[in-house]
Amino acid sequence: MRLQTIDGKIDTMIHSQKLTLTALASCLIAMSVPAAAAEKKSSASQDSMLIGIVEEAHPDHLMIATTMHKRQKKRLILNNQSDVKYVGYDEKKHEVETGSMFRAQVSGDVITSMYVTPAIGDGLVDPTPEMLKMTPGELFQLADKNQNGKISYAELSQAIKPHKPKHGPVMFYKADTDKTGALNRAQFDELLVTVTWWKMSRKTPDEMFKASDQDADGVLSEEEFAILQGTEAHVDKIFRSVDKNKSGDLDPAEASAFINAKIYPSLKDKAE
Ligand SMILES: [Ca+2]
Ligand SMILES: [Ca+2]
Ligand SMILES: [Ca+2]
């Protein structure tokens, strides 16, 4: 929930003007067509986020299937207020098509804003041991498959950070500050420091443990764990799940297991 809120704020920050206008427009539409609004039951006036795949694309609407926990098929309306952001597309080819993946903010059945990516797939990819030791420059070279000196969303997803429909497009769109549709070296570096496996592999687990163990008693308290995690977010819940032997603190083995699961998403997947 918290992440969604933060995300929402970022969206609002980037597109505050457009969103305000869109929200106004939706209000007017909702007020002027009460019958239609009633038809859509209680969801009509509520904003919600949908993530999924486009099954059919039409100029004024999309047939979609969500890939969220509650799977559903829906008809979503596109109108001239819909703010569509294309992420990972060729600069000249901007179109929603069958198989496109999206994250949409909808008001009732109307798309207010939407991130669209080509069909990229969202498998888990672990970094290789070599990658954990690479510099940003080396990782840039590795990711730049077509060697055009910039990193597309597909290249990023394949080499560095697997595509996650909920946050991936937003992150990329934000990092691509000049909106060319690809990241130059400086933009890539900015994004890299937010990638979990990168953050968690700049020091060895032992070094990270020592740097976080403020009172040097050989275990991490919850406060000390927040330092290791690099954020206070969800710290109590995560701390409890990392404290496998329920001792109320984390020994080096427990901390290492946490760090490894952060670096290797497939480990985390197995543990959950
Ligand atoms: Ca490239
Ligand atoms: Ca301690
Ligand atoms: Ca423990």
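The protein here has 13 helices and eight strands. Keep in mind that this is a predicted model. Of its 272 residues, 27% are buried. As for how the chain comes together, take the contacts with a separation of 6 or more: 57% of them are accounted for by residues 24 or more positions apart.

| Helix pair | Residues | Angle | Axis distance |
|---|---|---|---|
| H10 and H11 | 222-229 and 235-242 | about 100° | 10 Å |
| H4 and H7 | 136-143 and 185-192 | about 110° | 10 Å |

Let's take H10 and H11 first. They pack at an angle of about 100°, which makes H10 roughly perpendicular to H11, because angles of 65 to 115 degrees count as such. On the H10 side, the contact is made by Glu222, Phe225, Ala226 and Gln229, and these meet Val235, Asp236, Ile238 and Phe239 of H11. Sort the residues of this contact by type and you get five nonpolar, one polar and two charged.

Next up are H4 and H7. Here the packing angle is about 110°, so H4 is roughly perpendicular to H7. H4 brings Pro136, Leu139 and Phe140 to the contact, while H7 brings Arg185, Phe188, Asp189 and Leu192. The residues of the contact of H4 with H7 come out as five nonpolar and two charged, with no polar ones.

Note on methods: Residues are numbered from 1 along each chain as its sequence is written. Chains are lettered from A and ligands numbered from 1 in the order in which they are written. This is a predicted model: local features need pLDDT of at least 70, side-chain atom pairs count only at pLDDT 80 or more; totals for chains, interfaces and linings use all residues. Helices (H or I, at least four residues) and strands (E, at least two) are DSSP runs, numbered from the N terminus. A residue is buried if 20 or more other C-beta atoms lie within 10 Å of its own, exposed if 12 or fewer, and partly exposed in between; C-beta atoms are placed from the backbone. Two residues are in contact if their C-beta atoms, placed from the backbone, lie within 7 Å. Axes are lines fitted to C-alpha atoms, for helices over the stretch in contact, and angles run from 0 to 180 degrees between N-to-C directions. Angles under 35 degrees count as roughly parallel, over 145 as roughly antiparallel, 65 to 115 as roughly perpendicular and the rest as oblique. Ala, Val, Leu, Ile, Met, Phe, Trp, Tyr, Cys and Pro count as nonpolar, Asp, Glu, Lys and Arg as charged, and the others, Gly among them, as polar.
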